[in-house]
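Please look over the sequence and model shown here before reading the notes.

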Amino acid sequence: MYSSSIADAPLVREPLHAPVAHLIRGGMIEGIHYGSVVVLGADGEVQFQLGDIEAAFYPRSALKPVQAVAMARVGLPLDGELLSLAAASHSGEERHLAGTRRILELAALTEDHLRNVPDMPYDPVVRDAWVREGRLPSRLAQNCSGKHAAMLYACRLNGWSLEDYLDPGHPLQQAIAEIVEDLTGQRIARITVDGCGAPLFSVSLHGLARAAARITTAAPGTPEARVADAMREHAEMASGSGRDVAALMRAVPGLLAKDGFEGVQVAALPDGRAVAVKIADGANRARVPVAAAALARAGVDPELLTEFQGEALLGGGQAVGCVRPVRSLEPVVVSACA
């Protein structure tokens, strides 16, 4: 079982990543993706590991469910779609923009109060339509706007200052850091700035998986359970239409999953089984099949994971290979390519 004590911060070092996926073309290994993988059992013990699961790393947006739990613990009253959006890396669809506006309205605030960076929508189809309409980058369209609106709402409810809510010394960010350490079970190794401008906390891959497991196994009605329920029931609000992380949550009953830039993926089941993946070169084409293989390692029925086995490699417009997890990771799944 999980300990209530908090361990020392993971070491900041060059990660000892290992091969986690092969790029197969015409039956030969054309390239190798390095990374690290951890699989936790329902008892919290490491059932499988590959690479370096204890070095400090940046979880990027895979840490958003933890940030959302922290905001719920300080009084954020959101549930359902809006709480899912608070933990989102959204695609910039109109429902995401409307939801972010709604959170701001509840806080009696406007888009001008947001301090995330202006950007175009994340989804390429939505972004192309945005450009055709002559719309400019905006803070609302940026994929973290739901989280930032929720941060502002939490500040408003607690009487905290709004202008500096992204400062690591701000009461909100101090509260988030405390919950990061609580749920990961380890001290934060380093703090920097994420792409959206919010503080980014460095933990270990092992700690990230542990946090996801603690969220999915929390008692009903707790902030952790509220976040897990919201994201699972409204997976498209936490990501977007056509996104692999939403499809994964729909495919595997009870699964909570969150992706992050630079090849990060975390997922956990209601009984505490959890996986976390970091692809060293940040490649999404490796993140998805490696995460699926890790879930199969955790005991998920491989038949539920067939659509996540990786994109085909094309030659002359025809499939000639694929991205395949290494054999040590994938003994229970037969990939589409040899």
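## Basis of the values

This is a predicted model, in which local features need pLDDT of at least 70 and side-chain atom pairs count only at pLDDT 80 or more, while totals for chains, interfaces and linings use all residues. Residues are numbered from 1 along each chain as its sequence is written, and side-chain values use heavy atoms, with hydrogens and water left out.

## Cavities

The structure holds four cavities of 30 Å³ or more. A cavity is a set of points, on a 1 Å grid over the protein atoms alone, where a 1.4 Å probe fits but cannot get out. Grid points are joined across faces, edges and corners, and a volume is the space filled by probe spheres set on the points. The largest cavity has about 70 Å³ of space.

Lining residues, those with an atom within 4 Å of a point, number 13 for the largest cavity. Nearest its centre are Ala62, Pro65, Ala212, Leu256 and Val266. Two or more lining residues come from each of helix 1 (64–73), helix 7 (205–216), strand 7 (256–260) and strand 8 (264–268). Helices (H or I, at least four residues) and strands (E, at least two) are DSSP runs, numbered from the N terminus. Helix 7 gives the largest share of the lining, four residues. By class, the lining has 12 nonpolar residues, no polar ones and one charged residue. Here Ala, Val, Leu, Ile, Met, Phe, Trp, Tyr, Cys and Pro count as nonpolar, Asp, Glu, Lys and Arg as charged, and the others, Gly among them, as polar.

## A buried lysine

Lys64 lies in helix 1. Lys64 is buried (under 20% relative accessible area; exposed is over 50%, partly exposed in between, with a 1.4 Å probe and protein chains only). Lys64 has no salt bridge (a side-chain nitrogen of Lys or Arg within 4 Å of a carboxyl oxygen of Asp or Glu). The nearest side chain of opposite charge, Asp194, is 6.6 Å away; Lys and Arg count as positive and Asp and Glu as negative, with His and the chain ends not counted.

The side chain of Lys64 does make a polar contact of 2.9 Å with that of Ser89. A polar contact is a pair of N or O atoms within 3.5 Å; within protein, one must be able to donate a hydrogen and the other to accept it, and residues adjacent in sequence count only if both atoms are side-chain atoms.

## Salt bridges

Across the whole structure there are 17 salt bridges. One of them joins Arg13 and Asp52, with the closest N and O atoms 2.7 Å apart. Arg13 lies in the segment before strand 1 (18–25) and Asp52 in the loop between strand 3 (46–50) and strand 4 (56–57), so the pair ties together parts 39 residues apart in sequence. Arg13 is partly exposed at 35% relative accessibility, whereas Asp52 is buried at 8%.

Glu236 and Arg250 also form a salt bridge, at 2.2 Å between the closest N and O atoms. Glu236 is in helix 9 (residues 235–238) and Arg250 in helix 10 (residues 244–251), so this pair ties together parts 14 residues apart in sequence. Within helix 8 (residues 223–233), Asp229 and Arg232 are three residues apart, about one helical turn, and their side chains meet at 3.0 Å, N to O. Arg73, Asp182 and Glu224 are linked in a network of salt bridges.

## Positive phi angles

Arg60, in the loop between strand 4 and helix 1, has a positive phi near 50° without being glycine. Arg60 is buried, at 19% relative accessibility. Glu262, in the loop between strand 7 and strand 8, is not a glycine either and has a positive phi of about 65°. Glu262 is partly exposed, at 42%.

Note on methods: On a 1 Å grid over the protein atoms alone, a cavity is a set of points where a 1.4 Å probe fits but cannot get out, and a pocket is an open set with protein on both sides within 12 Å along at least five of seven lines; lining residues have an atom within 4 Å of a point.
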